[in-house]
2 protein chains.
Amino acid sequence: MKDMLRFSRRGDALVGQEMFKVLDKAKTLESQGKIIIHLELGQPRFEPPLGLINKTKESLSCKEVGYTSSYGILSLRKKLAARLSKKNLDIKVENIIISTTNLLISQCLHLLTNPGDRVAVFSPTFPSYIASSNFLELDLIQIPLSFDKKFQLSIKDIDKALLLRPKVIIVNSANNPTGAVYKDSVLNYLKEKCREKGVWIVSDETYSSILYVKKFFSLLSAQYKNEIVISSFSKIYSIPGFRLGYAVASKPIIDKLALSNSSLISCNPMFTQKGVESVLDNDSNYIFEINKKLNSLIAEVQKLLLASESLNKFFIQPDSGYYMFLNVSKSKLKSFDFCNMMLEQYSVACTPGISFGIDFDNYIRISICGTREDVLTGIKRLISYFNNL
Amino acid sequence: MKDMLRFSRRGDALVGQEMFKVLDKAKTLESQGKIIIHLELGQPRFEPPLGLINKTKESLSCKEVGYTSSYGILSLRKKLAARLSKKNLDIKVENIIISTTNLLISQCLHLLTNPGDRVAVFSPTFPSYIASSNFLELDLIQIPLSFDKKFQLSIKDIDKALLLRPKVIIVNSANNPTGAVYKDSVLNYLKEKCREKGVWIVSDETYSSILYVKKFFSLLSAQYKNEIVISSFSKIYSIPGFRLGYAVASKPIIDKLALSNSSLISCNPMFTQKGVESVLDNDSNYIFEINKKLNSLIAEVQKLLLASESLNKFFIQPDSGYYMFLNVSKSKLKSFDFCNMMLEQYSVACTPGISFGIDFDNYIRISICGTREDVLTGIKRLISYFNNL
């Protein structure tokens, strides 16, 4: 057989997300009988809205198991348009597509870039942007934000990104992993400058409904110039396994994303979309309760960290989301080694900072969306490690 | 704003599948109150296995709505490995990935090719191969098979494809749209020659469980050299909306496909996979019944066509699947115009042959997976058109 039988260059380059190695190791330990505290996953342990589950089951009972539109089902798009239009915008059905959020990120980058094109992110950054950029053979530039500025985006950071003349800037406020919600004035500057210079913005607003601060500024704009806003139903309704989210953009973009869906996946299931649709108009209590629980838990976590002399200067209070980004440089370990050590010696799984950007190998991400007991036990073990250094 | 704000080259090239235009038009007519006979969709109207639906609902009731493995859930992979191993092969869990079949086609091509690489298909061919190849900027070569040879693949066709030195050959037996099941000897020749010359084979065997002939030859091989076999649960269980299928290949390929999943979609839902898993060991009655119904319907359709002097020499008896590929050259219309005419004047929706390859603009595909009444009515109207010519 000829040795021509190899992966392609882009096949070889596909290395996936290193962060899953910690999860794999945790699972191996669990299969050996160890009890592991999971602080590495962004997997909500909350019960999803009961109505959503019931409606999904009802749709299955009605055998709604056929093909649907590549745009997502019309009734869900209509309701979402009405919901988003409440924020003083005129969002139309034609500006919305329903699909898997992760896939939408890749699809947007696919539409807007050719291999080798430059894409800028502000790091630490969601690993999917890095994975998508690798998949699409892009030149990904990471502009690092600083711990000292609470990982806030500044006008200087935006100027730095724009100087590199990217085709696309991906911005993620509320941020995973730092929890930072960026300022109105800064995001407005980003929007203006990108319009002026003809740079696309992909704004991932997945965590915008889980807030510890009062204000969230969306890049959603009914003018739909160069902005694509992406979000997810995974976190807001605790249903990551539904694999559903949406993009809001100008009609030509949405039409291209639908063509991309028709080429790659045909469509998404109808029953999952019906489930989400059924709670969309009546979710404020659910979201309020989730926020209350997370607010109370994050307050307890912060109390523990503030009381620890060894860690109280090494974390940032998050504005939003499930995560905290901790500086673990005191350990003198690289982030992967730190996470391996925590897993082996303390049975606590965390995500290495290096997964979120090349400049963050002395950080870890911890997730607080598990059960209260697990989260607090995990944090106490982390503190105990640092106290014993 | 600068005019740099455009789609990329690959974004511009994304044109999707023309065949959906007929469906769109049919929907518009229906919204105006017209009753349309649908012979254009590969959407089974059979009830899915009740156990499958119930297990999916049960999994939802158990709130199994979290992230799962990028490989698919282990229990389903195990059962599938055991099932496939029954055919005298030793298929291991590590050789199986569960995902959306359409996406798997693109993902395989992505792994194995770089932009501009040559991929060969035998046409008429499933439009998704064409769409995926466009999406990935490949040089797709269509080797046309002939009506006179009942759209059977021959050794000569294989030699013709190999002379063009493709990186990958996609083969689809049982075939959509012709229904042809290719001969053992020919597929064995393809396998041997491709191994010898170092060409990858992607074998799509989605329709292999719906047979009107006794024998189906699979390219599944426990040696896993250069073969990737892809299939789907959509047709076998009448659940296209579940978007689930699988690939069987060597471990390095499966590992890369899982990395690709982790980059693009993270994972598939657990509840849909649990549903499929629940019937996998106990589906022979269901598949027998589906085959019986389709066998009886296809016999009626053929009787009608054979009795029609204007059409009896213009169709091929399918060996498998939902489809028949009809030569409509007598109409002197191009396939799109023919389908538009049938839709407007006879309220029957069919799929234009051009969607299945550049050489088939005087063909249409009709699907017989709708209700018996619809299918027979549609066929009668087609015959009546040709009789009135």
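View 1. Leu153(A) is buried, with 24 other C-beta atoms within 10 Å; a residue is called buried if 20 or more other C-beta atoms lie within 10 Å of its own, exposed if 12 or fewer, and partly exposed in between, with C-beta atoms placed from the backbone. The residue belongs to the loop between strand S4 (139-144) and H7 of chain A; helices (H or I, at least four residues) and strands (E, at least two) are DSSP runs, numbered from the N terminus. Not counting residues up to four places away in sequence, Leu153(A) touches Phe122(A), Leu145(A), Tyr182(A) and Val186(A), contact being defined by C-beta atoms, placed from the backbone, within 7 Å. Cys108(A) is 45 residues from Leu153(A) along the chain, and their C-alpha atoms are separated by 23 Å. The model is predicted, so local features need pLDDT of at least 70 and side-chain atom pairs count only at pLDDT 80 or more, whereas totals for chains, interfaces and linings use all residues. Residues are numbered from 1 along each chain as its sequence is written, while chains are lettered from A and ligands numbered from 1 in the order in which they are written.

**View 2. The two sides of helix H8 (residues 184-197) of chain A****.** The end C-alpha atoms of H8(A) are 20 Å apart, which agrees with the 20 Å that its 14 residues should span at 1.5 Å a residue; the expected span is 1.5 Å times one less than the number of residues. Leu187(A), Leu190(A), Lys191(A) and Cys194(A) are the buried residues of this helix. They lie on the same side of H8(A) because they cover an arc of only 95 degrees around the axis, the arc being that of the directions from the helix axis to the C-beta atoms. Their cover includes helix H7 (155-163), strand S5 (168-171), strand S6 (200-204) and strand S7 (227-232) of chain A. On the face turned away from the buried side are the exposed residues Ser185(A), Asn188(A), Glu192(A) and Glu196(A). Gly198(A), with a positive phi near 70 degrees, follows H8(A).

**View 3. An open sheet of three strands in chain A****.** The strand order is S9-S12-S11 (chain A), with antiparallel pairing; two strands pair if DSSP finds at least two bridges between them. Strand S9 (323-327) and strand S11 (351-352) of chain A are at the edges, each with a single partner strand, so one side of each has no neighbour in the sheet. Two bridges join S11(A) to strand S12 (residues 363-367) of chain A in the antiparallel sense. Ile364(A) in S12(A) is the bridge partner of Pro352(A).

**View 4. Contact between domain 1 and domain 2 of chain A****.** Domain 1 comprises 9-47 + 285-387 and domain 2 comprises 64-279, with bounds taken from an automatic or database domain assignment. Their C-alpha centres lie 25 Å apart. In the contact, 36 residues of domain 1 meet 30 residues of domain 2. Helix H11 (284-307), S9 and S12 of chain A each give two or more residues to the domain 1 side, and H11(A) gives the most, with six residues.

**View 5. Helix H10 (residues 270-280) of chain B****.** This helix is mostly covered, since 10 of its 11 residues are buried. Among them are Met270(B), Phe271(B), Val276(B) and Val279(B). The cover includes helix H3 (50-61), helix H4 (74-85) and strand S2 (96-99) of chain B.

Key: Two residues are in contact if their C-beta atoms, placed from the backbone, lie within 7 Å.
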